Amino acid sequence: MRRVIISGGGTGGHIYPAVTIAEAIKATEPTEILYIGSKQGLENTLIPKLGYEFVTLDVRGLERKLSVHNIVTLCKTAGSLFGAERIIRKFKPHVVIGTGGFVCGPVLLAASLSGIPTLIQEQNVIPGVTNMVLARFVNRIALGYEEAEKRFKQKNKLVVTGNPVRRDILTVSRKDGLAFLGFDPNKFTLVAAGGSRGARSINTAMIPVHEHFKDAGDIQILHITGDHEYDRVTKLLDGVSGQGFYGKGSRIIPYSHHMPEVLAAADLVVYRAGAVGLAELAARGLPSILIPYPYAAEDHQRYNAQAFVMSGAARMILDKLLTGQDLLEEIIHLKEERILLQKMATAALSIGRSDAAQVIANMALELAAKSKYAKR
């Protein structure tokens with residue numbers, strides 16, 4: 001049985017690709033998987049619920065200035081390197097995989113220094129700092145976007161695989177998605193979401209959209225506000241029911257644990273431009289209006305969105321320029337121009353790599369076969 005360590009932490013953008021790769025590896029051959037995360041990240045609650053063996057390291061990111069925090073962090077990082085080395089020595093993995101986040105630094109570095117095959121997966125057009133550093137040490141670098149190639153000097157390690165997408169994103173039919181939401185299959189379906197915590201700029205811009213389409217009979221809107229924004233949004237709109245229904249068939253909700261069904265039902269999506277979300281849109285072939293999160297590291301969401309815009313799969317409105325009127329005009333235009341919408345859907349599909357998780361899994365298992373532990 002193969003033994004694999006996977007590390008990715010902090011946000012869902014690092015965790016969900018890790019889990020998807022882990023599932024692909026387990027489906028390919030019998031594997032024992034150990035997940036290493038940080039003590040502060042979302043992985044603390046998510047990974048144990050999924051049934052994976054889970055351990056943590058105390059490691060945090062650096063501030064972009066000289067500070068006491070950075071001195072403390074560097075000391076903890078040095079300690080976490082030794083902690084990672086102890087975990088690796090005990091578990092004896094055949095391969096170690098990192099999907100981003102500060103916790104990957106000591107884990108992948110310790111594995112490389114121990115002679116264990118290593119692979120990192122970079123989701124964004126603009127690579128994260130941790131992966132840029134680790135690129136010097138690892139054996140393979142799996143890229144979500146071809147545009148990221150020019151950011152790395154280690155050309156012989158690069159493989160453009162696309163970003164891993166959960167299997168259930170691909171398997172839910174449009175009919176089942178609409179039925180799950182209780183939506184009319186004969187209406188145009190718009191989905192708007194800004195992430196689990198919500199995006200205030202998107203939520204605010206959606207107010208005129210709701211008001212314009214309130215009495216329209218040919219469109220239905222599912223607006224996922226985020227837990228912290230729901231009350232504010234519903235107070236800004238007059239006539240929202242206790243269950244979030246508004247107008248003729250549209251609904252406002254704080255959060256959804258059923259994004260495969262939500263995306264299956266959509267004709268057009270208003271979204272941020274995180275790598276995982278975009279990979280899911282591409283896998284479903286969904287046209288989108290993208291509003292990149294302006295405070296993402298190195299403005300990487302804007303570069304992610306530009307890749308979709310250049311391919312013809314999306315329209316982009318910068319967050320600082322976003323208004324309700326502009327968003328409404330884009331939605332009306334795309335809703336009425338069905339041929340254009342179909343071209344965007346085709347372009348989105350051309351970007352997507354539904355086999356990305358399997359390709360990365362195969363690559364990892366090839367490295368594992370060469371491990372010093374492979375014949376033990």
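Reply: Start with Ser 288. Its relative accessible area is 0%, and because buried means under 20%, Ser 288 counts as buried. The model is a predicted one. Ser 288 belongs to strand β13.

Next, the contacts. With neighbours within four places in sequence left aside, Ser 288 touches Leu 268, Val 269, Leu 281, Ala 313, Ala 314, Arg 315 and Met 344. For a view across the chain, take Ala 18. Ser 288 and Ala 18 are separated by 270 residues in sequence and by 25 Å in space, C-alpha to C-alpha.

Now the sheet. Seven strands form an open sheet with mixed pairing, in the order β10-β11-β9-β8-β12-β13-β14. Its edge strands are β10 (245-246) and β14 (314-316), each of which pairs on one side only. As a general point, strands of a sheet pair through backbone hydrogen bonds, either parallel or antiparallel. Here, β9 pairs with β11 (residues 250-253) in the parallel sense, over three bridges. His 223 stands opposite Ile 252 in β11.

A helix covers this end of the order. α12 lies across β13 (288-290) and β14. Relative to β14, α12 runs at about 135°.

The largest nonpolar core has 35 residues. Those with the most contacts inside this core are Leu 222, Leu 263, Val 269, Tyr 271, Leu 281, Leu 290 and Phe 308. Elements that give two or more residues to it include the strands β8 (188-193), β9 (219-224) and β12 (268-271). The helices among them include α7 (174-181), α10 (259-265), α12 (300-311) and α14 (338-351). α11 (275-284) gives the largest share, five residues.

Last, a helix from elsewhere in the model: α8. α8 has a kink of about 25° at Met 206, shortly before the proline Pro 208. Met 206 is buried, and so are Ile 202, Asn 203, Ala 205, Ile 207, Val 209, His 210 and Phe 213 in α8.

Terms used:
Residues are numbered from 1 along each chain as its sequence is written. This is a predicted model: local features need pLDDT of at least 70, side-chain atom pairs count only at pLDDT 80 or more; totals for chains, interfaces and linings use all residues. Side-chain values use heavy atoms; hydrogens and water are left out. A nonpolar core is a set of buried Ala, Val, Leu, Ile, Met, Phe, Trp, Tyr and Cys residues joined through side-chain atoms within 4.5 Å. Buried means under 20% relative accessible area, exposed over 50%, partly exposed in between (1.4 Å probe, protein chains only). Helices (H or I, at least four residues) and strands (E, at least two) are DSSP runs, numbered from the N terminus. The bend at a residue is the angle between axes fitted to the seven residues ending there and the seven starting there. Two strands pair if DSSP finds at least two bridges between them. Contact means heavy atoms within 4.5 Å. Axes are lines fitted to C-alpha atoms, for helices over the stretch in contact, and angles run from 0 to 180 degrees between N-to-C directions.
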